[in-house]
Amino acid sequence: MKEASYIPFEAKSGQDKELTAFLKEGATLVAQTEPNTLYWYALKKNDGSFGIFDFFPNEAGRSEHFAGKVAAALNANADTLVAHGWDKGVVANISNFSVLSYKKPDADLENATSATYILLKAQPGKEQELQQLLIGAASVVAQTEPKTLLWTSLKLDSNTFGIFDTFADERGREAHFAGKVAAALKAQADDLVVGGWDNGVLNNIHNFEIIAEAGK
């Protein structure tokens, strides 16, 4: 995994069930038609908003995805399903990341039921330190967190980073936030992250239900 994309969006009023069904169908289509989309997750938050997180081996894989059948179908149906339509409701919200490090999902990929996304902004002058902390965290997760199915550290730009991870159940998420990586980030957050632990980390956590997924 070298590249990732995240798109948050909202259903048009009264279209929640229809958008959920569309995304479930989209997972099947990704699996059938996109060999260079390594992992694809359709997500829903408690507030009712949606998102898609996906991962690619290179920029060409991402380009293939956005030129593929799922993107075309979402484009064709966005005016009906998505608040603000395709351009303002989908395209304007795309964030493209580079992948810094990851714990690769094992055979339990299809058992993932929940996901977490955290966006972090590095303190001025602390970009490299935060980046190195995140790069090293993947191996710690792999060694100590069997219930964290996928864990990725991401880079959006020179001072903005992210974490995206998936879990089999809520106990897995709780174990993650009680684990070594969370403890290390908490211990260094005031020095490395704008807003510190409370405002820079906890306030930027987005928890999702996984409503559909595709992976290799």
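Visitor: Which strand is Lys 103 found in?
Guide: Quick heads-up: this is a predicted model. Lys 103 is found in strand 4.

Visitor: Is Lys 103 buried or exposed?
Guide: Buried is the label for anything under 20% relative accessible area. Lys 103 has a relative accessible area of 11%, so Lys 103 counts as buried.

Visitor: Which backbone oxygen does the side chain of Lys 103 reach?
Guide: Leaving aside neighbours within four places in sequence, Lys 103 is in contact with residues including Ala 138, Val 141, Glu 145, Thr 148 and Trp 151. For the side chain of Lys 103, the distance to look at is 2.6 Å. The backbone oxygen at that distance belongs to Thr 148.

Visitor: Where does helix 5 bend?
Guide: End to end, helix 5 (residues 127-144) reaches 26 Å from first C-alpha to last, close to the 26 Å expected at 1.5 Å a residue. There is still a bend of about 30° in helix 5.

Visitor: Are helix 1 and helix 3 roughly parallel or antiparallel to each other?
Guide: The axes of helix 1 (residues 16-33) and helix 3 (residues 69-81) come within 10 Å. Where they meet, helix 1 brings residues including Phe 22, Gly 26 and Leu 29, while helix 3 brings Val 70, Ala 73 and Leu 74, among others. The axes cross at roughly 170°, and angles over 145 degrees count as roughly antiparallel. Helix 1 and helix 3 are therefore roughly antiparallel.

Visitor: What is phi of His 84 near?
Guide: His 84 is found in the loop between helix 3 and helix 4, and it is exposed, with a relative accessible area of 66%. Most residues other than glycine have a negative phi. His 84 has a positive value, near 75°.

Visitor: Which side chain does a polar contact of 2.8 Å join to that of Thr 160?
Guide: Thr 160 has its place in strand 7 and counts as buried at 3% relative accessibility. Not counting residues up to four places away in sequence, Thr 160 touches Leu 119, Leu 120, Lys 121 and Lys 155. The polar contact of 2.8 Å joins its side chain to that of Asp 157.

Methods
Residues are numbered from 1 along each chain as its sequence is written. This is a predicted model: local features need pLDDT of at least 70, side-chain atom pairs count only at pLDDT 80 or more; totals for chains, interfaces and linings use all residues. Side-chain values use heavy atoms; hydrogens and water are left out. Helices (H or I, at least four residues) and strands (E, at least two) are DSSP runs, numbered from the N terminus. The expected span of a helix is 1.5 Å times one less than its number of residues. The bend at a residue is the angle between axes fitted to the seven residues ending there and the seven starting there. Buried means under 20% relative accessible area, exposed over 50%, partly exposed in between (1.4 Å probe, protein chains only). A polar contact is a pair of N or O atoms within 3.5 Å; within protein, one must be able to donate a hydrogen and the other to accept it, and residues adjacent in sequence count only if both atoms are side-chain atoms. Contact means heavy atoms within 4.5 Å. Axes are lines fitted to C-alpha atoms, for helices over the stretch in contact, and angles run from 0 to 180 degrees between N-to-C directions. Angles under 35 degrees count as roughly parallel, over 145 as roughly antiparallel, 65 to 115 as roughly perpendicular and the rest as oblique.
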